Amino acid sequence: MKYSLHAIATVAVRNLETARKFYEGTLGLTKVMENEEVLAFKTGRSTLFVYRSQHAGTNKSTAVTFVAEEVDELVRTLKGRGVTFEHYELPNLTLQGDLHVAGPMKVAWFKDPDGNIFSL
């Protein structure tokens, strides 16, 4: 692209109140905007839009990746808040608890209440 554009992640959910409890309460994101159809949360230097849709949770791949330096600590914190982590058999990754590890890289996947897939 010839212009420098800012990208925002957008995730479909069925119920905004359920989403608010998960994104704000469980994940600890800060809500920065809401209306009848959309919630927006601040996450680092980015914004995550969550909107009401009948197609929520139909994506079978990672929707959003949260970049974190202390993935182990974040996994422990989220697990303590009730988040269940996904375990996948992937080439060149070794499962260690809830972390998929390849050398210094650590990845963990989880789903929101609608089945949207996120990674850390």
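This is a predicted model: local features need pLDDT of at least 70, side-chain atom pairs count only at pLDDT 80 or more; totals for chains, interfaces and linings use all residues.
How do the residues lining the largest pocket divide into nonpolar, polar and charged? The lining divides into 14 nonpolar, 5 polar and 2 charged residues.

**The largest pocket**

The largest pocket holds about 430 Å³ of space. Its lining consists of 21 residues. L29, T43, G44, F66 and V67 lie nearest the centre of the pocket. The elements that give two or more residues to this lining are β3, β4, β5 and α2. Strand β4 gives the largest share, 3 residues.

Strand β4 covers residues 46-52 and pairs with β1, residues 9-13. These two strands run parallel and are joined by 5 bridges. Across this pairing, V13 stands opposite R52 in β4.

Strand β4 also pairs with β3, residues 38-43. Here the strands run antiparallel, with 6 bridges between them. A40 stands opposite F49 in β4. β3 and β4 form a hairpin. G44, one of the residues nearest the centre of the largest pocket, sits in the turn of this hairpin.

| Hairpin | Residues between the strands | Turn residue | Positive phi |
|---|---|---|---|
| β3 and β4 | 2 residues | G44 | about 65° |
| β7 and β8 | 2 residues | G97 | about 70° |
| β8 and β9 | 2 residues | G103 | about 60° |

Strand β8 takes part in two of these pairings. β7 (residues 94-96) and β8 run antiparallel and share 3 bridges. Q96 has L99 in β8 as its bridge partner.

**The open sheet**

Four strands make an open sheet in the order β5-β11-β10-β6. The pairing is mixed. Which strands are at the edges? They are β5 (62-65) and β6, each of which pairs on one side only.

Strand β5 runs parallel to β11 (residues 117-119), and 3 bridges join the two. T62 has I117 in β11 as its bridge partner. β5 is also among the elements that give two or more residues to the lining of the largest pocket.

**Helix α2: one face in, one side out**

Helix α2 spans residues 71-80. Which of its residues are buried? V71, V75 and L78 are. Seen down the helix axis, the buried residues of α2 fall within an arc of 70°, so they line one face of the helix. The general rule behind such a pattern is simple: an α-helix has 3.6 residues a turn, so residues three or four places apart point the same way.

What covers the buried residues of α2? The cover includes helix α1 (16-26) and the strands β6 (85-86), β8 (99-102), β9 (105-107) and β10 (109-111). β6 and β10 belong to the open sheet, while β8 and β9 form a hairpin.

The other side of α2 carries R76 and G80, both exposed. G80 has a relative accessibility of 67%, over the 50% cut-off, and therefore counts as exposed. G80 and T26 are 54 residues apart in sequence, yet their C-alpha atoms are 9.4 Å apart in space. Just after α2, G82 takes a positive phi of about 100°.

**L27: a buried loop residue**

L27 is found in the loop between α1 and β2 (30-34). Is L27 buried or exposed? Its relative accessible area is 14%, under the 20% cut-off, so L27 is buried.

Which residues does L27 touch, leaving aside those up to four places away in sequence? The contacts are F22, F66, L78, R81 and F110. L78 is one of the buried residues of α2. F66 is among the residues nearest the centre of the largest pocket. T65 ends strand β5, and its C-alpha atom is separated from that of L27 by 13 Å. L27 and T65 are 38 residues apart along the chain.

Terms used
Residues are numbered from 1 along each chain as its sequence is written. Side-chain values use heavy atoms; hydrogens and water are left out. Buried means under 20% relative accessible area, exposed over 50%, partly exposed in between (1.4 Å probe, protein chains only). The arc is that of the directions from the helix axis to the C-beta atoms. Contact means heavy atoms within 4.5 Å. Two strands pair if DSSP finds at least two bridges between them. On a 1 Å grid over the protein atoms alone, a cavity is a set of points where a 1.4 Å probe fits but cannot get out, and a pocket is an open set with protein on both sides within 12 Å along at least five of seven lines; lining residues have an atom within 4 Å of a point. Grid points are joined across faces, edges and corners, and a volume is the space filled by probe spheres set on the points. Ala, Val, Leu, Ile, Met, Phe, Trp, Tyr, Cys and Pro count as nonpolar, Asp, Glu, Lys and Arg as charged, and the others, Gly among them, as polar.
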